[in-house]
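Me: Hi, could you walk me through this one? I'd like to go through the confidence, the fold and the charged side chains.

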Amino acid sequence: EGVRAAIGRLARVPRAELCAELEAGLGSPQPARFLGWLEVSGALPRAGFYTDWQSGLDDSTMLKRLGSPEFDPEQRVLISEPVPGPTRRPSAVEGAREDAGAAIVSYSPKRLTVKTRSSEPGILLLNDRWHPDWKVTVDGQPAPLLRANFLMRGVAVGTGEHLVEYRFEPANRSLWVSFSALATGLVLMGVLVLAPRSSSTD
């Protein structure tokens, strides 16, 4: 409970119903009815470190588990990509979770830095929208960008203290499209300017 969605209006929507709506819209050209503005009461912090996770989940399975009342988003994170999972007993996982932490060092629209600390390997969850043009490094070394909790950003981080940096770096394809459009426009202008004009006769 506690989820509100709005497209032109506000409506209270239980988490399970929201996830079911998203799942129903997978592969459909029609957007889900609740895809608009989401406001979650008791929201998670923007950055969090998790020592308990489940990975290798397809979208449908992930949405089912996110909507389950048994799922605790404060204790576990779900990952689309396969990541070796924790093998410790639950009490050990809980202890490592209490020792772990993540703090945002700097934040801007296209670049942000997070400092993590943990006595166990884990997943840094950044509650910002996932996009393939985001690149991530851990202590300056490139790392795979993970899709966490269906639409958030994640990255696997080892034990100890680490500095994680996210950078938004769009592919050059958009620049090539712009250059191509500009070149085409210049060619068309040249054709119009240099084209012979017929003289009018009385």
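Me: Good to know. Where does Glu165 lie, and what is Glu165 in contact with?

Reply: Glu165 lies in strand E14. Helices (H or I, at least four residues) and strands (E, at least two) are DSSP runs, numbered from the N terminus. Leaving aside neighbours within four places in sequence, Glu165 is in contact with Arg111, Leu112, Thr113, Lys135, Val136 and Thr137. Contact here means heavy atoms within 4.5 Å.

Me: Which side chain meets Glu165 in a salt bridge?

Reply: That is Arg111, at 2.7 Å, N to O. The pair links distant parts of the chain, with Glu165 in strand E14 (residues 160–168) and Arg111 in strand E8 (residues 111–118), 54 residues apart. A salt bridge is a side-chain nitrogen of Lys or Arg within 4 Å of a carboxyl oxygen of Asp or Glu.

Me: Stepping back a bit, how many salt bridges does a search of the whole structure find?

Reply: Seven. One of them joins the side chains of Asp128 and Arg46, at 2.4 Å, N to O. Asp128 sits in strand E9 (residues 122–129), while Arg46 is in the loop between strand E3 (37–40) and strand E4 (47–50), 82 residues apart. Asp128 is buried, with a relative accessible area of 8%, whereas Arg46 is partly exposed at 39%.

Me: What else forms a salt bridge with Asp128?

Reply: Arg153 does, with the closest N and O atoms 3.8 Å apart. Salt bridges that share partners join Arg46, Asp128 and Arg153 into one network.

Me: Tell me about Arg153, then. Is it buried or exposed?

Reply: Arg153 counts as buried, at 3% relative accessibility. Its place is in strand E13. The side chain of Arg153 also reaches the backbone oxygen of Arg129 at 3.0 Å. Not counting residues up to four places away in sequence, Arg153 touches a set of residues including Leu112, Trp130, Trp134 and Tyr166.

Me: How does E13 pair with E9?

Reply: E9 and E13 pair in the antiparallel sense over six bridges; two strands pair if DSSP finds at least two bridges between them. The bridge partner of Leu126 in E13 is Arg153. Strand E12 (residues 146–148) also pairs with E13 in the antiparallel sense, over three bridges, and there the bridge partner of Arg147 is Arg153. E12 and E13 form a hairpin with three residues between them, and Asn149 in the turn has a positive phi of about 50 degrees.

Me: Changing topic: how many helices and strands are there in the protein?

Reply: Four helices and 14 strands. Buried residues make up 32% of the 202 residues.

Me: What does the pLDDT average, and where does it stay under 50?

Reply: The average is 77, and 60% of the residues score at least 70. pLDDT is the predictor's confidence in each residue, from 0 to 100. The values stay under 50 over residues 1–12 and over residues 31–38. Where pLDDT is low, the predicted coordinates should not be read in detail.

Notes: Residues numbered from 1 in each chain as written. Predicted model: local features only at pLDDT ≥ 70, side-chain atom pairs only at ≥ 80, totals over all residues. Heavy atoms only, no water. Buried < 20%, exposed > 50% of the residue type's maximum accessible area, 1.4 Å probe, protein only. Polar contact = N/O pair within 3.5 Å; in protein donor to acceptor, adjacent residues only side chain to side chain.
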